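Work through these exercises with the structure open beside you. Try each task before you read its solution.

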Amino acid sequence: NNNNNNNDKKTNNVDDAKEMMLDGIDGCQAPWLFVKIDDDVYLSRDSFTQLVQNLPRKGLYLGRQRHQAKVKRNHHKWAVPYYLYKRKHFPDYAEGPMYMLTSDAVAKLADTYDPDKPQDEIFPLEDVNTALILQKSGIKLVTLSKLPGELLTSDPALASKHEFLLSHHEPKYWVWRPKTCPASLVAVHAVSPKRMLKIAENEATLGSTQAVLQEFCPGKKPPGATYIEISSDVDDDAMPDGADQASIHTSCY
């Protein structure tokens with residue numbers, strides 16, 4: 001059964017993420033910041049470095065905000081059984097390709113890790129599960145604010161939708177124009193290894209910011225380019241093959 005296999009993979013991702021958080025705490029010297037990032041996400045190094053320098057050192061859960069996302073049921077690839085979550089919408093959570101946590105938030109997640117917990121009792125979606133645990137601990141999701149002079153916000157109405165993570169989860173992600181590609185763009189998802197190498201080479205002459213913007217924000221659809229449209233409700237059945245199979249990497253700061 002393909003659906004069962006997909007659910008098993010997502011459940012394993014939850015376990016993997018928690019184990020890596022525990023390893024991160026043990027393996028880094030006095031870490032204060034944890035970045036969960038998939039291997040198909042490309043960082044704009046300049047924007048990322050500047051952002052990190054201005055982040056609070058405690059109580060941080062930062063990512064691209066998903067607001068009032070509908071819960072999938074039955075045989076959907078990302079289905080959540082009713083006995084694990086009874087509401088129709090998830091709480092605000094950071095989309096899984098990349099999000100950032102301070103060490104105290106990571107500790108809250110690590111505290112819930114139980115290697116002996118039966119598979120059918122594990123919440124199957126790693127990114128939503130993170131939000132559910134931190135919500136109980138009083139740590140709210142924040143994202144980048146579109147208000148001048150304000151870095152972070154938890155208010156969906158004030159969120160800078162594209163600045164943290166430009167993603168093919170967009171309703172029409174090929175419509176990337178200057179207004180959706182600010183110079184402060186932090187990361188892009190999803191990016192093939194070949195494309196990553198191309199951007200890395202361009203960084204040597206253009207710098208990180210311009211290399212990323214030139215590649216992903218051309219101002220118009222490049223001739224001969226092919227793009228995939230994905231609904232705003234994130235219908236993952238329409239995603240390219242392998243889009244949900246990215247490996248998880250972690251870094252400490």
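Predicted model: local features only at pLDDT ≥ 70, side-chain atom pairs only at ≥ 80, totals over all residues.

**Exercise 1.** Classify the aromatic pair that the rings of Tyr85 and Phe123 form.

*Solution.* The structure holds five aromatic pairs. Take the one between Tyr85 and Phe123. Step one: the ring centres are 6.3 Å apart, and rings pair if their centres lie within 6.5 Å. Step two: the planes stand at 80 degrees, and over 60 counts as edge-to-face, so this pair is edge-to-face. Tyr85 sits in the loop between β3 (61–66) and β4 (93–102). Phe123 sits in the loop between α3 (103–111) and α4.

**Exercise 2.** Find which residues form one aromatic cluster with Tyr85 and Phe123.

*Solution.* Look at Phe90 and Tyr93. They form an edge-to-face pair, 6.2 Å centre to centre with 85 degrees between the planes. Both are buried. Tyr85, Phe90, Tyr93 and Phe123 form one aromatic cluster.

**Exercise 3.** Explain why helix α4 (residues 126–136) is largely enclosed by the rest of the structure.

*Solution.* Check burial along the helix. Buried residues in α4 include Glu126, Val128, Leu132 and Leu134. In total, nine of the 11 residues are buried, so the helix is largely enclosed. Now step past the end. Just after α4, Gly138 takes a positive phi of about 85 degrees.

Notes. Residues numbered from 1 in each chain as written. Heavy atoms only, no water. Buried < 20%, exposed > 50% of the residue type's maximum accessible area, 1.4 Å probe, protein only. Helix = DSSP H or I, 4+ residues; strand = E, 2+ residues; numbered from the N terminus. Phe/Tyr/Trp six-rings, centres within 6.5 Å; stacked < 30°, edge-to-face > 60°.
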